[in-house]
Amino acid sequence: MRKKLLTVALAGVMTLAMSVSVFAESLTGTAWWVGMQAGTNSTVTGDGEITFTVEVKADVDGYAAFSAEIFNPGTGTPNGYYMTSGSDGNVWFGELAGDGASTSKNPFADNGGAPAGAVEVGHTYEVTITRSGKDFTMVYYDVTEDKTLYEMAGTSGCDFPEELSAHIMAQVGTFEVSVKEAGEEPTTEEGATTTAGGEGTTTTRASQTGDNTASTVALLGLAAVGATFVVLASKKSKVTE
């Protein structure tokens, strides 16, 4: 009886720990840029990658769009650098005057400056931003349909700072956004797994919408303590039975 109660208690603690998301937020945009809502910043250090999950919850008059951005906010050296992309298949750099020319390749340009596509309500997307020196890529992947929408690449005309920020911006529509921690292997809607993360990359929460990391760590610690307690109780019961 004692073993059964301890096992049930531990299962409850572990379920609670796993159900708390490290980072999730709802973003709503009403019009490109003028009605945009930016999400929480994540820190990206050095070479590596970060992946955002974006679920389209609602559109505006049948249209929805969002952007992904990696940047160093501010003005003046070494600030003011960014690479921005849109779910319409466009990507561009922003750099300081006097820097070398950046280059980029994207479906928007290949489509004659017209949107290459649109995201759909009810679909979940992943956006993976990868940095390797001056080279950057942004891959938009449709989890719902298990296909890559766009792979946009660019080379900066200068050296970006070592530490950058990344976030999602709701342009038009409502989106549920979360970030995957380095090394996480999430399950897609079809049950397949995809690998995220990369060496040299760290993600930290900004104070923009609150930080849930401490709560998650505390709950995981509680689960670990519960597991240890159950093991010790189990060992003890074997000796005394």
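Accessible areas here come from the Shrake-Rupley method with a 1.4 Å probe, and for residues only the protein chains shown count as cover. With that noted, I looked up the surface: the protein chain exposes about 12100 Å², and carbon and sulfur atoms supply 56% of it.

Ground rules next. I'm working from a predicted model, where local features need pLDDT of at least 70 and side-chain atom pairs count only at pLDDT 80 or more, while totals for chains, interfaces and linings use all residues. Residues are numbered from 1 along each chain as its sequence is written, and side-chain values use heavy atoms, with hydrogens and water left out.

Overall fold. I found three helices and 12 strands in the protein chain; these are DSSP runs numbered from the N terminus (helices H or I, at least four residues; strands E, at least two). I then checked contacts (heavy atoms within 4.5 Å). Among those with a separation of 6 or more, 69% are between residues 24 or more positions apart.

Then K180. Which side chain does K180 join in a polar contact of 2.2 Å? I found that of E126. Such a contact is a pair of N or O atoms within 3.5 Å; within protein, one must be able to donate a hydrogen and the other to accept it, and residues adjacent in sequence count only if both atoms are side-chain atoms. E126 sits in strand 9 (residues 124–132) and is buried at 10% relative accessibility.

Last, F52. I placed F52 in strand 4 (residues 48–58), buried with a relative accessible area of 1%.

Note on methods:
Buried < 20%, exposed > 50% of the residue type's maximum accessible area, 1.4 Å probe, protein only.
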